[in-house]
Structure formats: structure tokens, C-alpha cells
Amino acid sequence: MRKFLQNVAGRFGHAKKPEVKHMARRAFDAGQISRLTASWGTSSNSINQDIYRNLRTLRARSRDLTYNNDYAKKFLQMTSTHVVGPTGFTLQVKAKENGVLDQVANTSIQDAFYRWAKRGMCDVTGKLSLCDIKHLSIKAVARDGEALVRKVYGKMNPFGFALQIVDIDRLDIERNEELSNGNIIKMGVEVTSYGRPVAYHLLTKHPGDSVYWTSQGSYYERVPAEDIYHFFIPDRPEQTRGLPWMHSAMMRLQNIGGYEEAAIIAARVGASKMGFFKSPDGDGEALADDVDESGNLITEADPGQFNVLPQGYDFTPFNPDYPHAMYGDFIKAALRGVAAGLGVAYNTLSNDLENVNFSSIRSGTLEERDNWMVIQNWFIESFLDDMFSTWLKYALLNGAIKLPTGLALPAAKFDKFNDASWIGRRWQWVDPRADVEANVTAINNRLKSRTQVISEMGGDIDDVWAQHKAEEEQAKAQGLVLPAPDVVKKETPPAAA
């Protein structure tokens with residue numbers, strides 16, 4: 001009987017439903033593969049493989065943007081201005097003798113270094129100063145993703161040491177080889193099995209100077225890594241070459257340029273053409289004044305002129321509604337994305353100070369300046385620290401650093417003299433009085449030191465005190481009395497009634 005009832009139930013649709021197995025849902029929405037994510041990449045190559053495939057194109061397009069796009073050129077100027085500044089980094093030698101600063105030796109080293117840093121001395125071409133090399137290098141890193149500076153030794157100057165800034169194109173991307181000693185050449189950089197650079201294989205001629213090339217082909221020069229400064233900011237571990245800083249914003253920058261060009265052309269067309277005449281028989285010669293190059297009939301019209309159409313003629317105006325009111329909003333939205341990709345404040349990049357207040361612009365500027373200081377520290381560690389040590393070594397060996405007595409500093413005390421720091425440029429605020437008063441209050445309440453405050457302003461406390469001392473002595477010699485420094489005092493609250 002039970003079997004009979006089961007058969008009846010199954011025949012009329014009352015049988016037990018089969019168990020449905022549900023597929024497990026992915027834990028991460030971004031990991032799903034569906035029609036909405038079909039165009040989203042899922043492969044993961046090594047960073048060097050991605051760079052090898054794209055670097056040449058990215059670099060060419062980045063350079064084109066800096067040539068032809070106003071915002072890209074502004075970013076390059078901002079990088080040079082904020083990282084290096086108008087006078088470059090300030091050198092401060094801190095050599096000590098028995099725990100006390102050796103002021104005579106420190107001053108002699110700094111004076112000699114700034115003599116070497118002048119144009120015609122530190123650069124092998126004789127055309128650049130050290131400040132020029134810094135500007136060119138940091139712009140090359142921002143535009144091309146990396147920069148090369150070569151150390152050159154010899155008697156080209158009294159110090160026996162100079163620099164040569166090399167175009168990064170001479171580090172050939174196509175130079176890839178496994179060597180018999182276990183080293184690997186990756187895009188021109190010879191590295192060990194640990195990825196440590198040991199040499200750079202540079203083209204003897206720039207690949208873009210085709211007029212100088214012969215049928216003999218290209219030649220490489222192997223330069224030891226200790227003679228090359230190859231600096232870039234890596235994005236991933238084991239990265240061998242650098243990427244242009246604008247790579248994430250380049251597409252949007254190009255679209256902005258194309259959008260503006262289209263808007264301008266549309267506006268010019270809309271302002272130039274008035275409309276079209278329609279004749280009843282298709283013959284428009286009755287109103288035509290001239291014929292263009294393609295044989296089309298043209299009627300000239302003067303501003304403010306009104307004509308009466310013949311019987312049967314009709315006029316169709318041409319009024320393209322473009323650029324419309326959303327043009328400015330679109331440009332602003334696009335530039336905000338560009339500014340985020342470049343790591344700068346929108347108002348600074350776009351020169352747009354509309355609808356900003358002191359608090360908002362200060363907040364954005366603070367974050368931007370923190371970013372510039374991070375890059376400054378990277379530049380010091382990647383280039384300036386070692387460059388000074390190398391210069392000092394050869395300057396001492398050549399007896400090029402003289403004391404006021406005329407004696408040269410001894411090379412045997414290199415370790416003592418090789419104690420220096422660099423101070424990057426700093427910035428003033430719109431209301432510097434408020435910041436100065438805040439710093440004075442912080443010093444009086446032991447929240448900051450004078451050394452810290454002066455360093456934040458881009459100075460050195462030893463130089464500041466030395467200048468104050470010199471000014472006071474000069475004033476005293478002239479019979480002048482300098483006023484005492486102002487002290488910001490804490491206001492006393494009124495007494496209770």
C-alpha cells in the first residue's frame with residue numbers, strides 16, 4: 001500500500017524534491033568572475049615582466065604629455081620646485097673633535113663643497129651646476145620613472161671628481177641575458193641571484209640619435225654599479241627599473257586634453273557657421289556669394305545684418321549647444337582624479353582657488369608637503385649622501401680642502417669629516433605670523449626645541465646663531481643697540497569678580 005501511495009504521489013508531483021547543492025560564494029566580491037568583471041585582469045606577472053612590456057610606451061607617452069599637456073608640465077615643475085627648490089639642498093657638516101663641533105674644519109669643508117658645486121666645476125660638460133643636476137635628475141625620475149648619474153674621476157677639476165647625468169634611454173630595455181657567472185642582465189641592469197646590481201650595460205650612443213648611428217650596430221659599455229647612481233622609487237619587491245610617476249593618471253590627462261580640444265573646435269564651429277539655406281528647386285545660386293574649395297556654395301553674412309529671403313526659400317540655423325554648462329564640472333572632476341594619482345593637491349595642480357577657505361587649503365597642502373618631504377628624504381638617501389662621501393674622499397686625497405692657515409685637511413681623518421646632513425627646502429604659510437607665534441609658545445612650554453623649529457623652516461641652528469653673533473658684533477662696532485627679541489607671553493585670564 002505504501003509503495004502504491006508513493007507511486008501516486010510521484011505521478012501527481014508530490015514526491016520529495018531532490019536536494020539542491022548550492023555553489024560556495026566567493027569571500028571577496030572583487031574575486032568574482034562574471035559579465036560585470038569580464039574585462040578586469042586576472043593574471044599576475046612579475047613587476048619586471050610588466051615593466052618590460054610597457055616601459056617604452058609609458059615613457060614615450062609620459063614625455064609627450066609633459067611636452068603638450070599643461071597639467072603634466074605643471075606637475076613636472078611642481079616636482080622640481082618642491083623637492084629641490086630654488087637653491088637645492090643645504091649641506092651641514094657635523095664633524096666633531098672630542099665631542100665638540102669642529103667649526104673650522106666644518107666651515108672649510110662646506111666652503112670647498114660649494115666651490116665644487118658651481119657651474120663648470122662639478123659637471124663633466126661644464127654646463128651644469130650641482131643644483132642643475134638635481135633639478136634634471138628629479139624631473140627625469142618623475143617623467144621617465146628613473147634617472148642615471150655617473151661618477152667620473154680624473155683631473156677635470158681640482159677635486160678629482162665630477163658627475164655626468166646620463167639619459168635613461170641609454171640603459172637599454174632590450175638588453176637581457178643570463179651570464180655564465182650566475183648573474184642576470186635584466187633590461188640593461190646586471191644583478192646577482194639576490195637582485196643586487198653589480199653593473200650597468202649602457203649604450204655608447206643614444207638610441208634616438210639615429211643620425212649618428214652607423215651600420216655597425218649598437219655597442220655597450222659595462223659600468224660597475226658603484227660608479228652609477230640609478231635612482232627610482234620601487235612599487236614592488238624585486239623591481240629592477242622604474243615607472244613614470246604619472247602612469248596611473250596618464251589616460252585621464254590624455255582624455256582631458258582631447259576633451260578640451262573637441263570643446264574648442266565645437267565652439268569655434270558654432271561661432272563661425274550660421275546655418276543653411278534651402279531653396280524650393282534645390283538651386284541655391286540665387287543667394288550664393290562664393291564657392292569653397294569643395295565646390296559648396298557659401299553666403300557671407302555680417303554681424304547685425306538681416307536679409308529678406310526670396311519666396312520659397314527656408315533657413316535652418318546651426319546652433320551646436322556645446323560646450324554646455326557641464327564642461328567646467330567635468331574638467332574639475334577629471335583633474336581631481338589626476339591630482340589623486342599624482343599625489344598633489346587639486347587646487348595647486350589646477351590653479352583653482354575658487355570656493356576654498358584657509359582651513360581646507362591648509363589641510364590639502366599639509367598632506368602634499370608631507371609627500372614632498374618623503375621624496376626629499378628618498379632623494380637624499382639615494383643620491384646626496386653617497387655623492388658627498390665620494391666627493392669628500394677624492395677632495396681630501398687631492399688636498400683640495402684648505403684650512404684658513406692654508407694647510408689641507410688630512411685624508412686620514414676621512415671618517416671624522418664624513419658626518420654630514422642635508423636640509424631640504426621648506427615652505428611659508430599665508431599667515432606666517434600665526435605659525436611663528438605658535439612655535440614660540442611651543443618653545444616656551446618645552447614642546448619644541450629651537451633646533452627643531454629652525455630645521456622645520458629649512459635652516460640650521462648653528463648658522464642662525466653664528467649669523468646673530470656676527471650681526472651683534474657688527475652692530476656693536478657701529479655703536480648700535482639691537483632690540484631684544486619679542487617674547488610671546490601667555491595671556492592672564494581676568495580675575496573673578
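View 1. Helices (H or I, at least four residues) and strands (E, at least two) are DSSP runs numbered from the N terminus. This is a predicted model, where local features need pLDDT of at least 70 and side-chain atom pairs count only at pLDDT 80 or more, while totals for chains, interfaces and linings use all residues. Residues are numbered from 1 along each chain as its sequence is written, and side-chain values use heavy atoms, leaving out hydrogens and water. Of the 497 residues, 34% are buried (under 20% relative accessible area, 1.4 Å probe, protein chains only).

**View 2. The largest nonpolar core, 69 residues of it.** A nonpolar core here is a set of buried Ala, Val, Leu, Ile, Met, Phe, Trp, Tyr and Cys residues joined through side-chain atoms within 4.5 Å. Trp116, Leu163, Phe383, Met387 and Trp391 have the most contacts inside this one.

**View 3. Zooming in on Trp116.** Skipping neighbours within four places in sequence, Trp116 is in contact (heavy atoms within 4.5 Å) with residues including Met121, Leu130, Phe159, Leu163, Met387 and Trp391.

**View 4. Helix H7, residues 327-342.** Its 16 residues reach 23 Å from first C-alpha to last, close to the 22 Å expected at 1.5 Å a residue (that is, 1.5 Å times one less than the number of residues). Ile331, Ala334, Leu335, Val338, Ala339 and Leu342 are buried. They sit on the same side of H7 because they cover an arc of only 145° around the axis, taken from the directions from the helix axis to the C-beta atoms. Just after H7, Gly343 takes a positive phi of about 75°.

Technical notes:
Buried means under 20% relative accessible area, exposed over 50%, partly exposed in between (1.4 Å probe, protein chains only).
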